[in-house]
Structure formats: C-alpha cells, structure tokens
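The points below are grouped by topic and can be followed alongside the coordinates.

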Amino acid sequence: MEVTLRRFELLDVDAMMTWASDPEVAAFCRWEPYASTESVLAYLRDTVLPHPWFRAICLAGDGRPVGAVSLEPTADACRGELGYVLARAHWGQGVATAAVRRALAAVFGEVEGLSRVEALVDVDNAASHRVVEKAGFRREGVLRRHYWHKGRARDLVMYSFVSGDPLPQ
Amino acid sequence: MEPEGDARHPGRRVEGSDAQPAPAVSLRPLGLEDVDAFMSWASDDRVMRHLKRPLCATREEAVAQIRDTVLGHPWFRAICVEGGRPVGQVNVWPYADEGGHRANLGYALAHDHWGRGIATATIKMVVGRVFEELPGLERLEAVTDVGNARSQRALEKAGFQREGVLRSYIVRRGPAGVDARDAAVYSFLSSDRPRLA
C-alpha cells in the first residue's frame with residue numbers, strides 16, 4: 001500500500017470531517033467526535049497548521065487526505081509521541097502501517113534533536129498494536145493506569161522507535 | 001585488606017546494607033531559611049546529574065532555585081534525618097493536562113547520606129501520604145537511568161513496580177556531544193497501598 005504524507009491546508013476540512021466526526025474512529029482517540037465543519041476548521045487553523053509536525057495521509061495518486069499522522073512534542077526535545085488517525089473506509093488495508101513507516105523515515109531528519117519516537121497504545125486496541133509492531137516499533141512494557149481516557153483509567157503499552165532502529169521494508 | 005565499614009564506622013561503606021535500620025526520617029516543607037542545607041546537595045554534580053534540575057554553584061543561585069521552583073511547587077518536601085537539618089529533597093509533580101491523575105516522583109540526597117536507607121524510608125513515607133494530600137492522584141511514576149542501581153533498589157524496596165526500560169529516554173548534552181541513555185520506569189498506584197485490616 002503506497003501512501004504519501006503532506007502538510008494540511010484549510011481546504012482539507014471536508015476530508016478531515018470524514019474521520020473527525022466518526023465515533024468509531026474517535027473511540028480510542030483522546031477527542032470526542034466533531035459535530036460541525038466549523039469546529040474542524042478551527043482545529044485545522046489553530047492546532048494543525050501551526051503544529052511542529054502534522055501530516056495528511058494520502059493514498060498514492062490521490063490528493064485527498066484519508067487520515068493524519070503527527071508527532072507530539074513532549075517535555076524533552078529528544079522525545080516525541082506519534083499519533084495517527086485513519087478514516088474507517090481505509091482500515092484493514094495496511095494504510096496506517098505504511099503511513100507510520102513514512103512518518104518514522106521522515107521525522108528523524110525533520111525534527112531537530114529527536115532521538116526517540118514513542119507510541120502509547122491502549123492495551124485493548126489490537127489493531128493499533130499490529131500497526132506499530134509492523135512499522136518497526138519495539139514494545140517496552142505496560143504503563144499501569146497511565147492515562148485517563150474519557151473518565152476511565154487505562155493501561156497503555158509503551159512502544160518506541162529510536163534513531164538507528166531499522167525501518168522494516 | 002581494607003576493613004569493612006558502615007555509616008557509623010570509618011572505612012568502606014557497605015552498599016545498601018540492611019544490617020541496621022535506617023535513621024529516623026521526617027519530611028517538612030523546604031524554605032529560604034534552608035538555603036545552606038539545600039546547597040549541600042544542590043551544588044553536587046554526583047547528586048544532581050540524576051535530576052533535570054540545574055546545579056546551584058552559588059548561594060544566590062540556590063536562593064533563586066528555592067524561590068522560583070520550590071516555594072510554589074505542588075508537593076515539595078525537605079528530607080530531615082534524626083530531627084536535624086535537611087539532607088535532601090523529595091517532590092511529586094503532577095503532569096500537566098492529566099487532571100492530576102498521574103505524577104512524577106523525584107528526589108535528591110546529599111552524597112554523605114547515601115547507603116543508609118534514607119531514600120527507601122523517604123519514598124515509603126511519600127507513598128503513605130501523597131495520595132491523600134494530592135486528591136485524585138492514581139499513579140505515581142519514577143524514571144531512573146538504567147545505570148542507577150541504587151535508586152532502583154530504593155524504589156523496589158518501597159514497593160514500586162518496574163514496568164520496563166525506555167530506550168534513549170534521557171538525553172544529556174556533554175562535552176563529547178549528545179548522549180542518549182535508557183531509563184527504567186517504575187510506578188506505584190493508589191491501589192498498591194496496603195489495605196488496612
């Protein structure tokens with residue numbers, strides 16, 4: 001599955017609405033489904049466009065985003081947290097794995113001082129475990145009650161990819 | 001042959017000895033009046049290189065550190081031994097945007113007081129009270145360099161569970177360039193506290 005990554009534009013609002021409004025997509029995400037195009041536009045303008053590393057996932061040959069991948073800064077410049085989201089129509093086809101691989105290949109060159117990319121995956125999010133493992137992340141352990149997700153304490157699995165780790169082909 | 005020693009007798013210290021009980025440890029707020037005691041660990045690179053806090057080279061820097069980072073801190077305590085002046089610090093820092101559910105434990109002990117069980121006693125006291133004093137706290141975590149066996153033992157003896165090793169977690173900038181170190185992550189949950197009968 002071939003994907004490309006590019007920066008978002010405000011014109012991508014309708015494409016983004018496709019996944020941002022979907023409760024099944026939002027289930028394991030930190031946000032609630034968006035109810036209006038206006039709120040997605042505000043998110044694009046205020047969070048996505050100024051973000052240090054946020055990319056649209058496009059299928060090869062198609063300019064319309066089907067999802068997003070981003071690297072969230074942490075307390076230290078050497079560590080970033082990878083997050084991704086994909087419209088439900090494109091689940092189960094290797095798109096997320098391909099996007100995460102592309103992101104890993106890009107961020108170490110593009111983000112100054114980065115040594116470690118982390119992914120924190122809910123213990124119950126089986127699909128995401130498969131994505132990050134196939135993309136070459138290494139599992140490090142379970143962080144107990146690490147995250148309060150929509151009112152409940154969740155155990156998360158910590159994965160990492162450090163500069164120098166091999167990117168799977 | 002060098003004689004064996006412990007904290008009370010001259011000679012080589014016995015590492016992490018369980019042979020005698022730790023001295024009586026108490027925790028209290030740290031204030032500007034403690035600046036000289038504070039300097040005894042805050043100016044010592046052997047102690048401070050394990051923390052992300054800057055080294056205090058002068059009394060003025062120590063005063064500024066206390067004023068700027070200690071006085072307004074959500075949970076910061078001086079570690080006192082046998083009712084005397086502070087010999088270290090311990091603090092619990094809730095992570096931003098986490099609703100106060102998760103916090104980080106950090107501590108520093110003056111080098112002369114290492115090997116006496118003070119860190120273990122301190123951490124036990126912290127977990128015994130911080131979950132009440134910071135309402136909503138569910139998870140206390142501690143991150144130590146994989147090479148810091150002393151701290152790992154103290155955390156384990158105090159009941160923390162080791163969850164894994166985080167690769168290239170701590171990056172230090174030294175004269176030779178950037179050095180990425182692995183870190184061990186530990187946690188103590190509010191539900192890990194022993195149940196009262």
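In this predicted model, chain A contains an open sheet of 7 strands with mixed pairing, arranged in the order β1-β2-β3-β4-β5-β7-β6. The edges are taken by β1 (3–6) and β6 (138–149) of chain A, each of which has a single partner strand, so one side of each is left without a neighbour in the sheet. From one strand to the next, the twist averages 30°.

**Strand pairing in chain A**

- Strand β2 (residues 54–59) of chain A pairs with strand β3 (residues 65–73) of chain A in the antiparallel sense, and the pairing runs over 5 bridges.
- Within these strands, A:Ile57 stands opposite A:Gly67 in β3(A).

**Helices packed on the sheet**

- Helix α4 (residues 95–110) of chain A packs on the sheet, where it touches β1, β2, β3, β4 (79–86), β5 (116–122) and β7 (152–162) of chain A, and its direction makes about 45° with that of β1(A).
- Helix α5 (residues 126–134) of chain A also packs on the sheet, touching β4, β5, β6 and β7 of chain A, with a direction that makes about 160° with that of β5(A).

**Annotated span**

- According to the unreviewed UniProt entry, the annotation "domain: N-acetyltransferase" covers residues 3–163 of chain A.
- The end C-alpha atoms of residues 3–163 of chain A lie 22 Å apart, and the span is 30% helix and 35% strand.

- The size of an interface is often given as the accessible area lost when the parts come together.
- Chain B and chain A bury about 1,900 Å² between them, with 48% of it on carbon and sulfur atoms.
- On the side of chain B, the residues that lose the most area to chain A are B:Glu163, B:Arg167 and B:Tyr169, which together account for 35% of what that side buries.
- In terms of residues, 21 of chain B are in contact with 22 of chain A.

**Polar and charged pairs, and the elements of chain B**

- Between chain B and chain A the count is 5 salt bridges, and the side chains of B:Glu138 and A:Arg145 meet in a salt bridge at 3.0 Å, N to O.
- The count of residue pairs in polar contact between chain B and chain A, with both residues at pLDDT 80 or more, is 11.
- The elements that give two or more residues to the side of chain B touching chain A are β5 (139–145), β6 (161–174) and β7 (177–189) of chain B, and β6(B) gives the most, with 9 residues.

Technical notes. Residues are numbered from 1 along each chain as its sequence is written. Chains are lettered from A and ligands numbered from 1 in the order in which they are written. This is a predicted model: local features need pLDDT of at least 70, side-chain atom pairs count only at pLDDT 80 or more; totals for chains, interfaces and linings use all residues. Side-chain values use heavy atoms; hydrogens and water are left out. UniProt positions are given in the numbering used here, feature names are shortened, and annotations may be inferred rather than shown by experiment. Helices (H or I, at least four residues) and strands (E, at least two) are DSSP runs, numbered from the N terminus. Two strands pair if DSSP finds at least two bridges between them. Axes are lines fitted to C-alpha atoms, for helices over the stretch in contact, and angles run from 0 to 180 degrees between N-to-C directions. Contact means heavy atoms within 4.5 Å. Buried area is the accessible area (1.4 Å probe) that two parts lose on being put together, summed over both. A salt bridge is a side-chain nitrogen of Lys or Arg within 4 Å of a carboxyl oxygen of Asp or Glu. A polar contact is a pair of N or O atoms within 3.5 Å; within protein, one must be able to donate a hydrogen and the other to accept it, and residues adjacent in sequence count only if both atoms are side-chain atoms.
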